[in-house]
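Me: Hey, I've got a protein model open and I'd like to talk it through with you. Can we just go spot by spot?

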Amino acid sequence: MRQIEERKQEVLDLFRARELLTALFLIISLLITYNLWTTASQVAGQASHTTFDFRVRESNERIRQRLGIYEQVLRATAGLFKASRSVTQNDFRAFVDTLQITTNYPGIQGIGYAEVIPPAELKRHIESVRASGFPNYTVWPEGKRDIYTTIIFLEPFTGRNLRAFGYDMFSEPTRQAAMALARDTGETTVSGKVTLVQEAGEEVQAGFLMYLPLYRHDAVNDTLEGRRANLAGWIYAPFRMEDFMHSVNGEKAEDLDIEIYDDNDLSQQARLYDSVKWDKALDPQHRFRSISRIEAGNRTWTIVTTGLPAFEAKMLSDRPLIILQAGISISLLVTLLIWLFLDDRARALQAAEQAMQLALYDTLTGLPNRKLLDERIEQALVKAKRNKHHVALLFIDLDKFKPVNDNYGHAYGDLLLKEVAKRLRSCVRESDTASRLGGDEFVALLSDTEEPHAVETVASKILERLNEPFEIAGHTFNISASIGAALYPEHGTDAKSLMKSADLAMYDAKNSGRSNVKLSQHAAADH
């Protein structure tokens with residue numbers, strides 16, 4: 001009878017074990033599924049941002065390349081003037097027609113030449129142009145100035161461009177600044193934001209101009225004074241910004257909102273271009289947003305790029321959902337199998353071993369946690385007492401880690417902690433232990449240490465590695481660490497006192513300006 005009762009009790013225990021272990025397995029498997037789903041979501045997010053960053057770089061590079069091409073067009077046009085001492089309007093038209101700018105260089109409003117007219121020759125110049133077939137020609141705007149310039153060639157000489165004929169660009173401050181810089185340096189320059197005189201009041205676009213100075217034949221232009229004295233005029237090209245950007249991106253960026261600002265000013269007054277009027281690229285709520293800067297000749301353009309809903313839709317990944325669904329399904333199926341076929345205590349031991357593994361290691365970094373660290377410290381102290389060796393503890397607290405979490409999110413913070421763990425492992429021996437206590441605190445246990453100098457060497461090596469930049473998902477992070485070192489038996493004779501000495505030394509390092517190593521100044525008796 002007693003044996004029967006014992007067997008019944010064993011059966012009841014088995015049922016209880018089955019219920020307990022299957023429930024435990026289900027919880028653990030669902031947690032693992034959740035972690036896999038979270039990781040997959042993070043990876044998908046990182047991949048989306050990587051794709052977005054590539055699209056931004058690609059768009060910016062197209063702008064840089066197009067500006068470089070237009071500069072070469074101006075230099076080619078300057079070659080026409082250098083090859084001939086007298087370029088007529090027909091010569092200029094034939095040259096520009098040969099370039100076929102509408103087909104080969106879309107986005108450019110035209111190519112022109114603005115000539116410098118001394119005040120004493122202004123009247124003769126106007127009469128000469130009128131006599132050549134333009135009876136209504138004049139240099140405008142009117143008024144007395146120290147120097148006059150006039151657009152005498154502009155091709156194609158049709159449509160909007162007719163309005164620019166005779167315009168003195170040097171009379172307007174923004175254009176004058178770019179023209180004067182080109183004259184003084186001999187290099188191509190780009191103006192700030194302007195409204196082109198070609199605009200007629202309908203569909204007005206922001207614009208800019210590109211200038212290349214042209215000097216008189218056989219003149220010596222090695223000095224600033226020489227360049228100013230020998231200036232003949234400027235080869236230039238006007239651009240309407242929306243036409244320019246359409247030629248650069250076309251339909252390649254329909255899922256992006258691109259805003260371009262002159263210089264570093266992100267105000268509406270400085271905005272050169274906005275591809276999507278209904279979207280506000282500067283809104284911080286955008287999931288995908290980039291603010292970058294490119295050099296446009298002598299000027300800096302600030303480019304704000306955001307992903308539109310169409311881009312976000314393309315970046316949606318089914319993989320995290322598939323992993324979640326598959327993980328839940330597999331968890332339930334395996335749980336059912338365990339429920340049906342659990343018939344001995346081997347599975348209980350296996351589950352206990354798995355639980356022990358989870359209990360002893362940090363799930364994020366894979367490093368030993370505090371519990372396993374304490375066990376290894378005790379083992380190292382027993383061995384050190386027997387062999388009369390030293391044991392060292394390095395208490396490592398990351399500096400400048402909180403701004404990473406605050407500015408980039410915990411996903412980047414977790415990736416950074418993983419990289420820190422890898423570097424920490426690479427700095428210690430296999431017989432040593434690198435552990436994560438939690439948050440941004442790590443501990444390195446150095447067993448069988450010969451002398452304090454060796455501990456400082458290892459600590460300096462760790463500090464040097466942590467000071468190196470971290471490249472994570474297209475971002476560069478610069479952090480450091482404050483490290484406190486404590487030795488057995490000088491600074492502690494047990495795990496608790498040794499850890500306390502290392503912790504105090506770490507705070508000494510922080511109070512000394514951070515990013516340094518401090519050896520404990522507290523003797524074992526102080527504890």
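Me: Where is S515 found?

Reply: S515 sits in the loop between α15 and β16 (517-519). Helices here are DSSP runs of H or I with at least four residues, strands are runs of E with at least two, and both are numbered from the N terminus. One caution: this is a predicted model, where local features need pLDDT of at least 70 and side-chain atom pairs count only at pLDDT 80 or more, while totals for chains, interfaces and linings use all residues. Residues are numbered from 1 along each chain as its sequence is written, and side-chain values use heavy atoms, with hydrogens and water left out.

Me: ok, and what's phi for S515?

Reply: Phi of S515 is near 55°, a positive value in a residue other than glycine. Most residues other than glycine have a negative phi.

Me: Why does S515 count as partly exposed?

Reply: Because its relative accessible area is 31%. Buried means under 20%, exposed means over 50%, and partly exposed is in between (1.4 Å probe, protein chains only).

Me: Which residue has a positive phi of about 65°?

Reply: That's D263, which is not a glycine either. D263 is in the loop between β6 (256-262) and β7 (271-274), and with 37% relative accessibility it counts as partly exposed.

Me: Switching to peptide bonds. Which one is cis, with omega near 0°?

Reply: The bond from W140 to P141. P141 lies in the loop between α4 and β2. There's also a cis peptide bond joining Y488 and P489, with omega about 5°, and P489 is in the loop between β15 (480-488) and α15 (495-511). Most peptide bonds are trans.

Me: New topic: what order do the strands of the 5-stranded open sheet have?

Reply: The order is β2-β1-β5-β4-β3, with antiparallel pairing. Two strands pair if DSSP finds at least two bridges between them. The edge strands are β2 (148-155) and β3 (189-190), each pairing on one side only.

Me: How many bridges join β4 to β5?

Reply: 9 bridges join β4 (residues 207-215) to β5 (residues 231-240), and the two run antiparallel. Within that pairing, G207 stands opposite R240 and Y215 stands opposite L231. On the β3 side, β4 pairs over 2 bridges, also in the antiparallel sense; there, M210 is the bridge partner of V190.

Me: Why is β4 largely enclosed?

Reply: Because 9 of the 9 residues of β4 are buried, the rest of the structure largely encloses it. Both faces are covered: G207, L209, Y211, P213 and Y215 are buried on one side, and F208, M210, L212 and L214 on the other. In a regular strand the side chains alternate between the two faces of the sheet.

Me: Which helix lies across β1 and β2?

Reply: Helix α2 (residues 89-99) lies across β1 (111-117) and β2, running at about 50° to β2. Axes are lines fitted to C-alpha atoms, for helices over the stretch in contact, and angles run from 0 to 180 degrees between N-to-C directions. Contact means heavy atoms within 4.5 Å. Helix α7 packs on the sheet too, touching β4 and β5, and its direction makes about 70° with that of β5.

Me: Let's zoom in on S247. Is S247 buried or exposed?

Reply: S247 is buried, with a relative accessible area of 16%. It lies in helix α7 (residues 241-249).

Me: And what does the side chain of S247 make a polar contact with?

Reply: With the side chain of R66, at 3.1 Å. A polar contact is a pair of N or O atoms within 3.5 Å; within protein, one must be able to donate a hydrogen and the other to accept it, and residues adjacent in sequence count only if both atoms are side-chain atoms. The backbone oxygen of F244 also lies 2.5 Å from a polar atom of the S247 side chain. Leaving aside neighbours within four places in sequence, S247 is in contact with R66, Y70, P106 and G107.

Me: Last one: what does I328 touch?

Reply: Not counting residues up to four places away in sequence, I328 touches L30 and T33. I328 lies in helix α9 (residues 319-341) and counts as partly exposed at 36% relative accessibility.
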